[in-house]
Amino acid sequence: PYQNLIKYYTVPRIFIRRLINRQDRLMASYCDYELITKKDLNPFIIIDNRFGTKYVLTIINSKLISNLYLNQSTIAKKDDFRQTTLAELRNLPILITSNDEQIKLAKYADSIMLMNSEIRSKQN
């Protein structure tokens, strides 16, 4: 029974934070190693081969998608601790674009992740 769940913790995926942050933004991160999380993060595997995982990551982390999500979600506006739902996250509009454009955004995501890693290592 658990074999179906293993893929959510072993393949490249996006984790989206369940709670929306205080700046009214969705928060997503990329993971390509084995990791098990608590229910505070929703794992997403991109199954549509028209989309690269890091491309989708950049779109989800954009201000535009956060605004769209907050304006269409009934649960996101519900209380002080606004939350995301899997059903609503799955319905986010992701633009189908060329591989070249997706690669440009994926490189942007890579550079941000590298900078964050360098900052963390300097803080330690």
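This report describes the sheet, the helices and a few single residues of a predicted model.

**Confidence**

The mean pLDDT of the protein is 89, and 96% of its residues reach 70 or more. Among the elements, helix 1 (residues 3-6) has the lowest mean pLDDT, at 76, whereas helix 2 has the highest, at 96. Where pLDDT is low, the predicted coordinates should not be read in detail.

Three strands make up an open sheet, ordered 2-1-3, with antiparallel pairing. Strand 2 (28-31) and strand 3 (41-44) are the edge strands; each has a single partner strand, so one side of each is left without a neighbour in the sheet. On average, and with direction ignored, neighbouring strands of this sheet are turned by 30° against each other.

Strand 1 (residues 13-17) is joined to strand 2 by four bridges, and the two run antiparallel. Within this pairing, Arg13 is placed opposite Cys31 of strand 2, and Ile14 is placed opposite Tyr30 of strand 2. Toward strand 3, strand 1 again has four bridges in an antiparallel arrangement. Here Ile16 has Asn42 of strand 3 as its bridge partner. Strand 1 is mostly covered, with four of its five residues buried.

**Residues in and around the sheet**

Leu41 belongs to strand 3. Apart from residues up to four places away in sequence, Leu41 touches Phe15, Ile16 and Arg17. The C-alpha atom of Leu41 is separated by 9.9 Å from that of Thr84, and the two residues are 43 residues apart along the chain.

Asp24 sits in the loop between strand 1 and strand 2. The phi angle of Asp24 is near 60°, a positive value in a residue other than glycine. With a relative accessibility of 30%, Asp24 counts as partly exposed. Thr37 is located in the loop between strand 2 and strand 3. Leaving aside neighbours within four places in sequence, Thr37 is in contact with Tyr9 and Phe15.

**Helix 3**

Helix 3 (residues 63-72) has four named buried residues: Ile65, Ser66, Tyr69 and Leu70. Around the axis they cover an arc of only 130°, which puts them on the same side of helix 3. The exposed residues Lys63, Leu64 and Asn71 are carried by the face turned away from that buried side. The cover over the buried residues of helix 3 includes helix 2 (53-60) and helix 4 (86-90).

**Helix 5**

Helix 5 (residues 99-123) has 25 residues, and at 1.5 Å a residue these should span 36 Å; the end C-alpha atoms are 36 Å apart, which agrees. The buried residues of helix 5 are Gln102, Ala106 and Ala109, and they pack against helix 2.

Ile119 has a relative accessible area of 46% and is partly exposed.

**Separations between C-alpha atoms**

| Residue pair | Along the chain | C-alpha separation |
|---|---|---|
| Leu41 and Thr84 | 43 residues | 9.9 Å |
| Thr37 and Tyr9 | 28 residues | 8.3 Å |
| Ile119 and Arg13 | 106 residues | 23 Å |

Of these residues, Thr37 and Tyr9 are also in contact.

Note on methods. Residues numbered from 1 in each chain as written. Predicted model: local features only at pLDDT ≥ 70, side-chain atom pairs only at ≥ 80, totals over all residues. Heavy atoms only, no water. Buried < 20%, exposed > 50% of the residue type's maximum accessible area, 1.4 Å probe, protein only. Arc of directions from axis to C-beta. Contact = heavy atoms within 4.5 Å. Expected span 1.5 Å × (residues − 1). Pairing = 2+ DSSP bridges. Axes fitted to C-alpha atoms, helices over the stretch in contact; angles between N-to-C directions. pLDDT = per-residue confidence, 0-100.
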